[in-house]
Amino acid sequence: MAEKFQPLSVSKLDDSYDAVIIGSGGTGLAAAIQAHELGLKVAVLEKEEELGGNTNRASSGMNAAETNVQLHHGVIDNVGDFYRETYKDGGRLNDKDMLGYFVYHTAPAIDWLADHDIKLDDITVTGGMSKKRTHRPASMAPIGGFLVNSLLEVVAKENIPVFNRTKVIKLLQTDDGRVNGVEVKSGDLTKRVNAKAVILATGGFGASKEYIERFRPDLKDYKTTNQPGATGDGLKLAENVGAELMQMNLVQVHPTVQQDNPHVYLIGEAVRGEGAILVNADGQRFVNELNTRKIVSNAITALPEHSAYLIFDQGIRDRAKAIEFYDKVGLVVHGDTIEDLVGKLKMDPATLKQTVTTWNQAVENHDDTEFHRTTGMDRGITKPGFFAIHIAPAIHYTMGGIHITPKTQVLDGNGDIIKGLFAAGEVAGGLHGNNRVGGNSIAETIVFGRQAGQQVTLYARGLK
């Protein structure tokens with residue numbers, strides 16, 4: 001949460017708004033800013049103490065194609081490739097209309113952020129992408145906290161009311177089924193708030209034992225990278241008014257999660273995007289590290305130990321600033337040389353040294369004959385010191401959710417629009433297919449957050 005930003009007390013919550021936004025992650029904040037700037041009276045409601053939701057935990061960046069930022073870095077990209085790669089990586093299960101809207105609106109989303117002085121001027125690459133299209137701040141800071149704090153600065157400047165510790169327990173409806181408000185609970189207070197429209201921006205269900213057991217019982221014992229509030233509240237609210245849920249069995253397991261301590265830490269894809277490799281307990285590579293998350297996770301799970309090590313050097317560390325945080329909380333093993341590092345990892349020194357030597361030759365020749373990796377090869381593992389992080393897969397993202405149109409309108413089981421109800425971000429299903437590409441969820445928060453803000457404005461103006 002931004003240090004200077006103070007959410008309002010529920011006592012300041014008005015009886016009525018044009019639009020109520022449930023959830024204060026990237027989607028909710030983008031929707032609120034967009035709708036407010038188009039003239040709506042809006043309020044953001046957050047059940048947790050801390051603002052920002054799962055967005056706070058995002059680390060790699062925001063995917064976009066055909067941006068000026070890419071051109072400044074000499075990257076020539078096109079939206080068609082972005083579409084095709086995302087569709088293929090999603091097992092061709094992505095909603096084509098949603099995906100089409102998404103890829104064509106990523107570059108305008110980068111511009112919209114820049115218009116609000118939120119500049120993502122550096123780029124990297126994530127698994128499943130052929131080009132550097134993962135935008136991040138020039139400081140290379142993790143995208144999540146940077147984005148939440150920056151959006152909250154805009155919210156503060158524009159006096160958009162945000163309420164924390166305010167849980168929506170029910171959606172209100174008219175006799176003909178139109179959603180026209182919410183019932184909230186904060187401490188001992190329960191209050192009804194009228195609204196012309198409601199936007200669900202509540203995130204996914206990656207921290208919900210109930211939903212995971214219901215839809216993916218095989219993952220019920222997995223740890224999760226999600227913040228504790230990611231319990232599928234928006235799905236319950238939507239189900240209670242007849243919304244259809246889709247693809248709920250499609251749950252993403254992130255391959256690189258440090259989980260040796262009670263607190264689970266996601267190690268962002270940017271570490272591999274900047275050149276890190278994965279090795280097994282014997283010090284050998286076993287997979288193309290920048291294949292899709294699904295393939296990399298399955299390869300790690302198939303190892304006898306069900307875990308692996310990220311190996312990188314100071315040069316890679318300099319390009320992935322999140323590593324400073326990982327080190328600060330004690331996740332990084334250090335070595336002055338590869339031999340020194342190996343001693344601490346209890347591996348055969350000759351094996352890891354050979355693995356690194358072979359990899360460095362592959363980088364030099366731009367040819368990974370072992371696993372056919374083609375991206376994240378801008379630098380080898382050559383610059384002292386040398387580092388390792390122990391990782392294993394964990395529940396990370398839920399691709400399924402509420403069935404929506406590309407206009408973020410919520411659909412019921414008959415495919416009819418539930419008037420007055422909109423949903424965007426991880427709470428909605430369909431965009432990612434069976435595998436979300438790293439960097440696409442932050443892009444989704446801005447692209448579909450803005451879309452929700454625009455569509456509720458049209459709806460509130462009486463233009464359907």
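Which strand order does the open sheet of 3 strands have? Keep that in mind while you set up the view.

**Before you start**

This is a predicted model, where local features need pLDDT of at least 70, side-chain atom pairs count only at pLDDT 80 or more, and totals for chains, interfaces and linings use all residues. Residues are numbered from 1 along each chain as its sequence is written, and side-chain values use heavy atoms, with hydrogens and water left out.

**Stop 1: the open sheet**

Select β3, β4 and β5. The order is β3-β5-β4, with antiparallel pairing. β3 (62–63) and β4 (122–124) stand at the edges, each with a single partner strand, so one side of each has no neighbour in the sheet. Strands here are DSSP runs (E, at least two residues), and helices are runs too (H or I, at least four), both numbered from the N terminus. Two strands pair if DSSP finds at least two bridges between them.

Now zoom in on β4 and β5 (residues 134–136). They run antiparallel and are joined by 3 bridges. Pick Thr-124: its bridge partner in β5 is Thr-134.

**Stop 2: Ala-58**

Go to the loop between β2 (42–45) and β3, where Ala-58 sits. Is Ala-58 buried or exposed? Ala-58 is buried, with a relative accessible area of 18%. The cut-offs are under 20% for buried, over 50% for exposed, and in between for partly exposed (1.4 Å probe, protein chains only).

Show the neighbours of Ala-58. Leaving aside residues up to four places away in sequence, Ala-58 touches Pro-142, Ile-143, Gly-144 and Ile-442. Contact means heavy atoms within 4.5 Å.

**Stop 3: two positive phi values**

Select Gln-247, in the loop between β10 (245–246) and β11 (251–258). Its phi is near 50 degrees, a positive value in a residue other than glycine. At 22% relative accessibility, Gln-247 counts as partly exposed.

Move on to His-366, in the loop between α14 and β16. Phi of His-366 is near 55 degrees, also positive in a non-glycine residue. His-366 counts as exposed, at 66% relative accessibility.

**Stop 4: a cis peptide bond**

Stay in the loop between α14 (349–365) and β16 (386–398), and find Gly-385. The peptide bond from Pro-384 to Gly-385 is cis, with omega near -5 degrees.

**Last stop: the annotated span**
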